[in-house]
Amino acid sequence: MSTPTLDATVGGASSNSYCTVAEANDYHHARLNSTAWDTATSSQKTVALIMATRVLDAQMIWAGLTKTDEQALMWPRWGVEKRNRLQYVPDTEIPIELKEATAEMARQLLIADRTLDSDVETQGISSLTAGPVSLTFKSDVKAKVVPDAVVNLIPSWWGSWRGRPGMTGTIART
């Protein structure tokens with residue numbers, strides 16, 4: 001089976017990745033614990049980046065609007081504020097935060113297939129006892145397809161994650 005061609009053209013009709021292998025290499029060279037990425041072949045990295053882009057677009061309901069109807073991916077977009085919230089992300093580029101999130105998601109996919117069904121959800125485990133050790137799962141446990149390390153790279157106002165609880169909580173002073 002041949003390796004697909006990675007196309008990171010901004011707004012391209014056949015684009016399939018938000019970042020190139022070289023950009024992902026740069027991200028991982030500045031990251032600790034990147035052995036899974038560093039030891040992967042060029043083909044594995046290419047497929048991981050394409051899959052990571054698919055997962056991000058499938059799991060995120062992005063804010064703003066796509067630039068054109070012809071673009072293959074959900075970015076570039078217009079009407080999305082930059083991290084500093086003082087300017088808008090230019091609709092001619094893929095922001096660095098999304099490139100880094102794509103690279104991180106690709107590394108996570110090389111470690112394990114996060115898109116598989118969760119054993120906890122599919123097997124319905126509610127209790128397990130072995131001698132004095134007991135394990136019980138909450139009934140509302142959901143698998144995180146997109147890990148926190150990726151979620152935290154993308155500004156929260158860029159959209160909402162499918163199947164994730166709200167990222168806010170109540171703090172009470174006692």
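Helices α1 and α4 pack with their axes 9 Å apart and at an angle of about 80°. That angle makes α1 roughly perpendicular to α4, a term that covers angles of 65 to 115 degrees, whereas under 35 counts as roughly parallel, over 145 as roughly antiparallel and the rest as oblique. Axes are lines fitted to C-alpha atoms, for helices over the stretch in contact, and the angles, from 0 to 180 degrees, are taken between N-to-C directions. From α1, the residues Glu23, Ala24, Tyr27 and His28 take part, and from α4, Lys99, Glu100, Ala103, Glu104 and Arg107; contact means heavy atoms within 4.5 Å. By class, this contact of α1 with α4 has five charged, three nonpolar and one polar residues. Here Asp, Glu, Lys and Arg count as charged, Ala, Val, Leu, Ile, Met, Phe, Trp, Tyr, Cys and Pro as nonpolar, and the others, Gly among them, as polar.

The model is predicted: local features need pLDDT of at least 70, side-chain atom pairs count only at pLDDT 80 or more, and totals for chains, interfaces and linings use all residues. Residues are numbered from 1 along each chain as its sequence is written, and side-chain values use heavy atoms, with hydrogens and water left out.

The protein chain has six helices and six strands, in the order α-α-α-β-β-β-α-α-β-β-α-β along the sequence. Helices (H or I, at least four residues) and strands (E, at least two) are DSSP runs, numbered from the N terminus. Of the 174 residues in the protein chain, 34% are buried; buried means under 20% relative accessible area, exposed over 50% and partly exposed in between, with a 1.4 Å probe and protein chains only. Among contacts between residues at least 6 apart in sequence, 62% join residues at least 24 apart.

Helix α1 (residues 21–29) also meets helix α3 (residues 42–59), where the axes come within 10 Å and cross at roughly 95°. These two helices are therefore roughly perpendicular to each other as well. Val21, Ala24 and Asn25 of α1 and Lys45, Thr46 and Leu49 of α3 make the contact. The contact of α1 with α3 has three nonpolar, two polar and one charged residues.

Helix α3 has 18 residues and reaches 26 Å from its first C-alpha to its last, close to the 26 Å expected at 1.5 Å a residue. The expected span is 1.5 Å times one less than the number of residues. Among the buried residues of α3 are Lys45, Thr46 and Leu49. The cover over the buried residues of α3 includes α1, α2, β1, α4, α6 and β6 (159–161).

Helix α4 (residues 96–111) has 16 residues, which should span 22 Å, and its end C-alpha atoms are 23 Å apart, which agrees. Twelve of the 16 residues of α4 are buried, so the helix is largely enclosed by the rest of the structure. The buried residues include Lys99, Ala101, Ala103, Glu104, Met105 and Arg107. Among the elements that cover the buried residues of α4 are α1, α2 (35–38), α3, β1 (60–62) and α6 (148–151).

Val150 lies in helix α6 and is buried, with a relative accessible area of 0%. Not counting residues up to four places away in sequence, Val150 touches Leu56, Ala101, Glu104 and Met105. Val150 and Ala101 are 49 residues apart in sequence, and their C-alpha atoms are 5.1 Å apart in space.
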